[in-house]
Amino acid sequence: MTNNDIFKKLRVALMLRDDEIVDILKLADFKMSKSELGAFFRKEDHPNYMECGDQVLRNFLNGLVIHLRGTKEHPKNPGEVLSQKKLAQKTDKPKPVYKAIQRKKASRDIDPVKYKNKKKS
């Protein structure tokens, strides 16, 4: 199992987005952009695929420990951190129904089209 596989599995298991992973890496004083991060999650045959090095994975794991447990001065309960994330996802507003919005915006002033060349049966 490669570092990329481990990184992908942690991302899925913890339901992390790219911007959250970048923030976690910043906790370990390791700066990385979203595009650099995206290269780790690509398929191996993709031209922009990049192998995840030990340093990146190590810093992510150290940042994840700080993210979940906190620091010595400000400890956190990992269960509470994960449950807050789940609650934040559930309380998001439902997505609007775009077709209904488009129907409301549509002008009703236009008459239905009458075709001159109808099929004769």
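Reader: So a nonpolar core is a set of buried Ala, Val, Leu, Ile, Met, Phe, Trp, Tyr and Cys residues joined through side-chain atoms within 4.5 Å. Which residues in the largest one touch the most other members?

Author: Phe7, Ile21, Leu37 and Phe60, out of 19 residues in that core. H2, H3 and H4 each give at least two residues to this core. H4 has the largest share, with five residues.

Reader: What kind of model is this?

Author: It is a predicted model: local features need pLDDT of at least 70, side-chain atom pairs need 80 or more, and totals for chains, interfaces and linings use all residues. Residues are numbered from 1 along each chain as its sequence is written, and side-chain values use heavy atoms, without hydrogens or water.

Reader: Let's look at H1. Which of its residues are buried?

Author: Asn3, Asn4 and Phe7 are the buried ones in H1. Looking down the axis of H1, these buried residues fall within an arc of 100° (from the axis-to-C-beta directions), so they line one face of the helix. Buried means under 20% relative accessible area, exposed over 50%, partly exposed in between (1.4 Å probe, protein chains only). Helices are DSSP runs of H or I, at least four residues, numbered from the N terminus.

Reader: And which residues on the other side are exposed?

Author: Lys9, Val12 and Ala13 are exposed there.

Reader: What do the buried residues of H1 pack against?

Author: Three helices: H2 (18-27), H3 (34-40) and H4 (54-69).

Reader: Take Asn4. Buried or exposed?

Author: Asn4 counts as buried because its relative accessibility is 1%. Asn4 lies in H1, which covers residues 3-13.

Reader: What is Asn4 in contact with, leaving aside neighbours within four places in sequence?

Author: Phe40, Tyr49, Met50, Glu51 and Cys52. Contact means heavy atoms within 4.5 Å.

Reader: And Asn3, with neighbours within four places left aside?

Author: Asn3 is in contact with Cys52, Gly53, Asp54 and Leu57. Asn3 is buried too, at a relative accessible area of 18%.

Reader: New topic. How many aromatic pairs does the structure hold?

Author: Three. One is Phe7 with Phe40, a tilted pair at 6.2 Å centre to centre and 40° between the planes. That pair links distant parts of the chain, with Phe7 in H1 and Phe40 in H3, 33 residues apart. Another is Phe7 with Phe60, also tilted, at 4.7 Å centre to centre and 50° between the planes. Rings of Phe, Tyr and Trp (its six-membered ring) pair if their centres lie within 6.5 Å; planes under 30 degrees apart are stacked, over 60 edge-to-face, the rest tilted.

Reader: Which residues do the ring pairs link into a cluster?

Author: Phe7, Phe40, Phe41 and Phe60. Phe7 is buried, at 0% relative accessibility. Phe40 is buried at 1%, and Phe60 is buried at 0%.

Reader: How many salt bridges are there in the whole structure?

Author: Two. Each needs a side-chain nitrogen of Lys or Arg within 4 Å of a carboxyl oxygen of Asp or Glu. Arg11 bridges to Asp18, with the closest N and O atoms 3.6 Å apart. Arg17 and Asp19 form a salt bridge with closest N and O atoms 3.3 Å apart.

Reader: Is Arg11 exposed, partly exposed or buried?

Author: Partly exposed, because Arg11 has 27% relative accessibility. Asp18 is partly exposed at 23%, and Asp19 is partly exposed at 28%.

Reader: What comes just after H1?

Author: Met15, which takes a positive phi of about 50°.
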